[in-house]
Amino acid sequence: MSDCIFCMIGDHEIPTKAVYEDEQIICFHDLEPQAPVHVLVIPKKHLASLDEAREEDKELLGHIMVKIHEIAADLGLDNGYRVVINTGEDAFQTVKHLHFHILGKRKLTWPPG
Ligand code: AMP
Ligand code: ZN
């Protein structure tokens, strides 16, 4: 059993109401939403962060990018949305399993904090 919380979600060791799921990825609502819509998309494969992405992960990462806009459309984010990948300490990455935040349904400020 993994001690990574997102691996546990991907393996269904923690029950989660998935927004989207297939063999490679799962999308679920963030526990502490920062926007009216705030979901996370994770690969089921454990990569601690974007720093661990390798050539062999290209298909998986491309798959995530293609699914993100489908998920955004399903969630009704027709006026735009932001995708965030916090990586490492300076970006305040708190969960050490690669995840893509999708945020929407409010005006998001720029530059980010
Ligand atoms: P980051 O700062 O990019 O590492 O973001 C991690 C995100 O995961 C935060 O927005 C948390 O609210 C969220 N999070 C942590 N644990 C869970 C969980 N069990 N279910 C859903 N979201 C979670
Ligand atoms: Zn993991």
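Is E70 buried, exposed or partly exposed? E70 is partly exposed, at a relative accessible area of 33% (buried means under 20%, exposed over 50%, partly exposed in between; 1.4 Å probe, protein chains only). The model is predicted: local features need pLDDT of at least 70, side-chain atom pairs count only at pLDDT 80 or more, and totals for chains, interfaces and linings use all residues. Residues are numbered from 1 along each chain as written, chains are lettered from A and ligands numbered from 1 in written order, and side-chain values use heavy atoms, without hydrogens and water.

E70 pairs with K67 in a salt bridge, with N and O 2.9 Å apart (a side-chain nitrogen of Lys or Arg within 4 Å of a carboxyl oxygen of Asp or Glu). Both residues sit in helix 2, 3 residues apart, about one turn of the helix. K67 is buried at 17%.

The count of salt bridges is 5. E56 and K45 form one of them, at 3.6 Å. E56 is exposed at 66%; K45 is partly exposed at 35%. K45, E56 and D57 are linked in a network. K58 and E55 meet at 3.0 Å, and both are exposed.

Now the metal. C4 (SG), C7 (SG), H46 (ND1) and H97 (ND1) coordinate the zinc ion (ligand 2) at 2.0 to 2.3 Å (donors are N, O and S atoms within 2.8 Å, or 3.2 Å for Na, K and Ca; water is not among the atoms, so sites may look incomplete). The donor angles run from 104 to 117°, so the arrangement is tetrahedral (four donors, all angles between 85 and 135 degrees). C7 is buried at 10%, and H97 is buried at 0%.

Methods
Tetrahedral: all angles 85-135°; square planar, octahedral: opposite > 155°, others 65-115°. Helix = DSSP H or I, 4+ residues; strand = E, 2+ residues; numbered from the N terminus.
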